[in-house]
Amino acid sequence: MAKLTKKQKEAASKIEKNKLYSLKDASSLLKVVASAKFDESVDIAVRLGVDPRKANQMVRGVVTLPHGTGKDIKVLALVTPDKEAEAKAAGADHVGLDDYLQKIKDGWTDVDVIITMPAIMGKLGPLGRVLGPRGLMPNPKTGTVTMEIGKAVAEVKAGKIDFKVDKTGIVHAGIGRISFESDKLVDNAHEIIQTLLKLKPTAAKGTYIKSIHLSSTMSPAIALDPKAV
C-alpha cells in the first residue's frame, strides 16, 4: 500500500473514522481538507444494493445538476447540414458529420459528449469499439440521440450528466469543483441522490442505497449517512 504524504495524513486526521456525516457537513469538511493548488473536482460514489449483471437491476439515467459541473464540457454534434446552425447556436464545440466520423475511426476522441440524430446512429455502429469503452456512444435513454439537437447541446453545456452503475454496484459522478460554495455541492449531490432513488429497480431487494462517499481529486473520501441525505 502506498504511503500517505504529509498533506494526505493531515487531511485524513480531520475526518473522524467510522463517522457518517450529513451531506451538508461532508460538503463543508471536504472544502477544509482539500489542499491541492488546483481546482479539484468533487465526486460522489454511491454503492447500490443491486446486481448489475441482471438486466432488471441495471441503474442508468441522466440528471441536470442545478449548479453545473464546473467543467467546460466539449460537445461534438454529429448532424446533417440542416441541423448544423442549430447545434452551433446552442454552443456545440464541434459540428459536422462525415469528417468527424473519419476522425473517430482514426482514433480521435477529444470530446466529452457526442450528440447525434436517430438517422445517423447506423453510421456510428461500426465505431462502437472506439466510442463504447470511453463512454461516448450516444444513447436515446440519455438524450444524446434526438432530433432536438439544440436543446440537447444546451442541456449538456448547462450541467446535464449521465451515469450508470458499474459492475461492482457503484455509481460514480462528478458533482462540481472544490471552489464551489458548499451549498452548491449539497444541491448537486442531493439532485443525483434523489434521481437514483427514483430509479430504484423493482427487482432490487433489501437496502437500496448502501453507502455514499464524497471526495475531491486529492482528498480522502468522506462517508455520508444515507439516511441523512
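Threonine 116 touches Leu78, Met121, Leu124, Pro138, Thr144, Val145, Thr146 and Ile149, leaving aside residues up to four places away in sequence; contact means heavy atoms within 4.5 Å. The model is predicted: local features need pLDDT of at least 70, side-chain atom pairs count only at pLDDT 80 or more, and totals for chains, interfaces and linings use all residues. Residues are numbered from 1 along each chain as its sequence is written, and side-chain values use heavy atoms, with hydrogens and water left out.

**Threonine 116**

- Strand S5 (residues 113-116) holds threonine 116. Helices (H or I, at least four residues) and strands (E, at least two) are DSSP runs, numbered from the N terminus.
- Threonine 116 counts as buried because its relative accessibility is 0%. The classes are buried for under 20% relative accessible area, exposed for over 50%, and partly exposed in between (1.4 Å probe, protein chains only).

**Domains and their interface**

- The chain is assigned domain 1 (16-69 + 160-224) and domain 2 (75-156). These bounds come from an automatic or database domain assignment.
- The centres of domain 1 and domain 2, taken over C-alpha atoms, are 27 Å apart.
- Contact between the domains involves four residues of domain 1 and six residues of domain 2.
- The size of an interface is often given as the accessible area lost when the parts come together.
- About 520 Å² is buried between domain 1 and domain 2, with 47% of it from carbon and sulfur atoms. Buried area is the accessible area (1.4 Å probe) that two parts lose on being put together, summed over both.
- On the domain 1 side, Arg60, Val62 and Lys160 lose the most area to domain 2, together 85% of what that side buries.

- One salt bridge is counted between domain 1 and domain 2. The term requires a side-chain nitrogen of Lys or Arg within 4 Å of a carboxyl oxygen of Asp or Glu.
- The side chains of glutamate 155 and lysine 160 form a salt bridge, at 3.1 Å from N to O.
- Strand S2 (60-64) and strand S6 (160-164) each supply at least two residues of the domain 1 side that touches domain 2.
- That side of domain 1 has one nonpolar residue, no polar and three charged. Ala, Val, Leu, Ile, Met, Phe, Trp, Tyr, Cys and Pro count as nonpolar, Asp, Glu, Lys and Arg as charged, and the others, Gly among them, as polar.

**Alanine 173**

- Alanine 173 lies in strand S7 (residues 170-177).
- With 9% relative accessibility, alanine 173 is classed as buried.
- Beyond four places in sequence, alanine 173 touches Val42, Asp43, Ile44, Ile161 and Ile192.
- Alanine 173 and aspartate 25 are 148 residues apart in sequence, and their C-alpha atoms are 19 Å apart in space.

**Asparagine 188**

- Helix H8 (residues 182-198) contains asparagine 188.
- Asparagine 188 has 0% relative accessibility, so it counts as buried.
- Its side chain reaches the backbone oxygen of isoleucine 175 at 2.9 Å.
- Leaving aside residues up to four places away in sequence, asparagine 188 touches Leu65, Pro66, His67, Gly68, Ile175 and Phe180.

**Asparagine 18**

- Asparagine 18 sits in the loop between helix H1 (6-13) and helix H2 (23-33).
- Asparagine 18 is exposed, at 81% relative accessible area.
- The phi of asparagine 18 is near 65°, a positive value in a residue other than glycine.

Key:
Polar contact = N/O pair within 3.5 Å; in protein donor to acceptor, adjacent residues only side chain to side chain.
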